[in-house]
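Please look over the sequence and the structure below before reading on.

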Amino acid sequence: FSTRKASLHTTTFNMARKEGVASPDEIRDFVTKAENKLLVVDVRNPDSEVEPGDQKSIPKFPLPAPGIRPMGVNLIYDRESSSLPLPDVD
């Protein structure tokens, strides 16, 4: 009979951010200051025939809808016309 102690190891990765990418603190401060003027744009396309690759993230991170991600809008890039519709915002 032998007794083993469980050993837990934690690895922390401290990777450098790409140039121009905000830190978590900078993002938090930006969101706090923006208040209700913040517009989150989700560009994923729910049409699996047009953008099949977008489908894998939708179950985990739903598209904006009333009660879900209320500061977000789903804007779908139209590949045929090479355009993105812009919402009316204040």
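Arginine 28 counts as partly exposed at 47% relative accessibility, where buried means under 20% relative accessible area, exposed over 50%, and partly exposed in between (1.4 Å probe, protein chains only). This is a predicted model, in which local features need pLDDT of at least 70 and side-chain atom pairs count only at pLDDT 80 or more, while totals for chains, interfaces and linings use all residues. Residues are numbered from 1 along each chain as its sequence is written, and side-chain values use heavy atoms, with hydrogens and water left out.

Side chains of opposite charge can pair when their charged atoms come close. A search of the whole structure finds five salt bridges, each defined as a side-chain nitrogen of Lys or Arg within 4 Å of a carboxyl oxygen of Asp or Glu. Three of these pairs are listed here.

| Pair | Closest N and O atoms |
|---|---|
| Arginine 28 and aspartate 25 | 2.9 Å |
| Arginine 28 and aspartate 29 | 3.2 Å |

Asp25, Arg28 and Asp29, by contrast, are linked in a network of salt bridges, and within it aspartate 25 is partly exposed at 46% relative accessibility, as is aspartate 29 at 35%.

Valine 41, with a relative accessible area of 39%, is also partly exposed.
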